[in-house]
Amino acid sequence: MIPKVFREVIDLGDGREISIETGKLAKQAHGSVVVQSGKCMLLCTVVSNYKQSDLDFLPLTVDYREKFAASGRYPGGFFKREARPSDGEILTMRLVDRVLRPLFPKDYHSETQVMIQLMSHDEDVMPDAMAGLAASAAIQLSDFPFECTISEVRVGRVDGEFVINPTRTQLLESDIDMVIGASADSVMMVEGEMGEISEEEMVEAIKFAHEAVKVQCAAQDRLADAFGRKEVREYEGEPEDEELAKKIYDMAYDKVYTIAKAGSAKQERSAAFAEIKEEIKATFSEEELEEIGDLVSKYYYKAEKEAVRNLTLNEGLRLDGRKTDEIRPIWCEVDYLPSTHGSSIFTRGETQALATVTLGTSREANQIDMPSFEGEETFYLHYNFPPFSTGEARPIRGTSRREIGHGNLAQRALKGMIPEDCPYTVRVVSEVLESNGSSSMATVCSGTMALMDAGVQLKKPVSGIAMGLISDAESGNYAVLSDILGDEDHLGDMDFKVTGTADGITACQMDIKVKGLSYEILVKALKQAQAGRLHILGKLTETIAQPNVDVKAHAPKMVTTTIPGEYIGALIGPGGKVIQELQKTTKTTIVINEDPVTEEGLVEILGTDQDGIDAVLAKIDSITFKPEVGSVYEVKVIKILDFGAVVEYVEAPGNEVLLHVSELAWKRTENVTDAVNMGDVFDVKYFGTDPRTRKEKVSRKALLPKPEGYKERPPRDNRDRGRNDRNNRDRKARRD
């Protein structure tokens with residue numbers, strides 16, 4: 001039976017469109033759609049168990065995968081099957097998860113899975129920009145309890161004009177690359193990188209993207225209406241007890257408010273809050289706690305959250321005693337680790353990041369092999385968040401999605417400040433040693449200093465700050481918080497991270513938890529973030545004002561040069577013999593990359609010893625040496641023969657040429673040693689290749705004065721030469 005297909009089309013302008021289709025594929029899923037733009041097709045399916053889990057949170061899994069068949073390719077490596085997700089896929093999962101998760105009811109705990117798969121790829125379409133649209137459209141066709149339709153778009157700016165879902169080529173020319181997730185009413189998520197834009201420009205980009213999101217939300221609603229909306233499923237929510245909630249509120253609120261107002265450190269404050277909670281629990285019997293213990297904890301945390309928020313709104317004070325725009329004390333240090341190529345410590349309050357920099361050749365570039373993109377990164381940043389940084393003990397099972405996301409944010413913040421002519425592959429690693437507040441922003445700060453300590457000539461230093469917002473919808477009162485604590489991150493209505501130089505924003509990440517946040521408040525928050533960012537930047541530049549002029553003595557020096565393509569083989573040698581021996585004797589690393597356009601070889605020489613690097617350069621000069629006709633060169637005699645001397649060019653050791661006995665002097669030379677001896681150094685003139693002998697010709701006598709009365713021998717006539725040759729052959733025949 002031919003399936004009934006429902007379809008909606010979204011016009012992106014410039015002849016581009018996105019279609020949303022359902023009814024053909026994956027009909028046993030609770031909701032499924034195919035989203036297509038050009039030849040790019042995403043299949044999204046959603047399923048949620050009807051039975052509530054025993055967990056006290058929503059076990060939501062967002063999975064985004066790109067199939068290699070989508071671009072007609074095989075998976076790389078020995079194992080020819082898609083395996084663990086790449087960093088790029090994980091970053092797309094996080095973009096979608098951050099918008100979806102807050103829209104499920106807080107008491108909905110059924111295991112839910114959103115699967116988005118790239119089934120067909122188009123070089124002109126970036127699929128991650130449509131993943132949020134696909135997820136929301138599939139959910140709208142399900143019976144999930146979900147608050148409202150959402151979508152996500154990418155916005156770029158090319159030649160001063162904003163573009164929705166730009167191509168990868170357009171992004172190369174764009175000074176903005178942001179993904180915005182929103183509903184028709186409110187912006188909920190922003191993440192991206194920028195080329196030092198202003199706060200006002202960033203807000204304009206968000207507004208432009210939000211208008212496109214509204215169009216996509218309307219298309220999803222039309223599709224759901226045409227398909228037939230399902231009745232929202234019933235589920236067993238969490239029990240509520242208003243009387244118990246009031247009782248605990250009355251017992252906890254004033255005590256929490258008093259402790260919060262005292263302004264204490266994290267551990268001291270946490271212990272005091274825990275003591276209040278235990279005092280409240282002690283008023284109930286063990287039997288009562290078995291029955292309502294979860295509610296007691298829930299209502300206590302609700303009272304604690306309200307007390308802390310009200311303290312900030314009413315008195316402008318925060319948990320650690322700071323004012324709303326106050327930055328915690330900062331101390332920094334560079335060159336802390338003696339063996340690394342660059343290192344720094346950045347400590348802000350109870351957050352600390354230790355960054356290291358390693359310099360390498362193009363061979364150490366980070367290879368990206370995804371169905372939607374192949375390439376490499378010569379600057380990349382890795383972020384590690386061990387459990388001890390928050391005073392916890394838990395098993396470490398690989399790199400978490402959070403670590404990948406935070407590392408990517410810091411990388412995007414810094415990469416625009418790496419100079420285009422930086423010869424190195426640069427790897428930054430941030431080890432978070434303490435965390436109470438934004439460790440990703442601490443990573444940006446420590447990364448900046450470590451790069452400058454390593455001698456990487458950053459265009460400008462970059463700093464970052466995490467901001468928060470607490471607001472009261474009824475009164476309209478709000479407070480923007482600079483440099484938020486971990487607790488403030490959880491209890492606030494918005495948390496956003498902004499990085500930049502003194503001249504503008506380079507990256508941002510926002511999660512907005514309240515509806516209808518005005519752009520006026522957003523601009524004010526960004527301006528306050530700018531002031532905090534510049535304050536932190538001042539602390540960084542007090543520690544290290546400029547990048548070190550040179551790399552450290554134990555760090556590798558990098559020299560690059562080019563050679564004609566015809567000499568690449570000679571430098572490598574048969575089976576790599578020449579280059580391997582050269583690396584061994586000079587203690588350097590040599591990498592040769594051939595330019596497919598010019599066919600020249602780009603040679604990278606990496607070594608800690610300048611003498612070794614100079615020796616490699618001398619060898620390259622020797623291999624690529626090509627004397628010019630009519631030029632004079634200094635040579636050295638390295639071998640004596642009966643018919644001449646073998647000489648070596650002094651400026652290009654290893655390049656030899658025969659100096660014929662007839663070119664030693666103007667007078668007849670019987671023995672070569674009458675004119676020159678082993679080790680003699682003198683000048684010769686280069687005449688190019690002799691057409692008669694097809695050998696290179698050099699002359700010493702051409703640079704010597706002619707003896708008085710010297711007469712040139714007249715050149716032989718070609719006919720005489722031919723006749724003599726025949727006579728010689730005849731004489732030889734008679735002898736035979």
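**Close-up 1. Helices α6 and α7 cross with right-handed geometry.** Right-handed here means that the near helix is turned clockwise from the far one by less than a right angle. The model is predicted: local features need pLDDT of at least 70, side-chain atom pairs count only at pLDDT 80 or more, and totals for chains, interfaces and linings use all residues. Residues are numbered from 1 along each chain as its sequence is written, and side-chain values use heavy atoms, with hydrogens and water left out. Helix α6 spans residues 266–281 and helix α7 residues 286–315; their axes are 10 Å apart, at an angle of about 140°. Axes are lines fitted to C-alpha atoms over the stretch in contact, with angles from 0 to 180 degrees between N-to-C directions. Helices are DSSP runs of H or I with at least four residues, and strands are runs of E with at least two, numbered from the N terminus.

**Close-up 2. Residues in the contact of α6 with α7.** From α6, F273, I276, K277, I280 and K281 meet L289, V296, S297, Y300, Y301 and E304 of α7 (contact: heavy atoms within 4.5 Å). These residues divide into 7 nonpolar, 1 polar and 3 charged.

**Close-up 3. N165, a non-glycine residue with positive phi.** The phi of N165 is near 50°. N165 sits in the loop between β8 (161–164) and α3 (168–173). N165 is buried, at a relative accessible area of 10% (buried: under 20%; exposed: over 50%; partly exposed in between; 1.4 Å probe, protein chains only).

**Close-up 4. K587, with a positive phi of about 55°.** K587 is not a glycine. The loop holding K587 runs between α13 (577–586) and β23 (589–594). K587 is exposed, with a relative accessible area of 72%.

Technical notes. Nonpolar A, V, L, I, M, F, W, Y, C, P; charged D, E, K, R; others polar.
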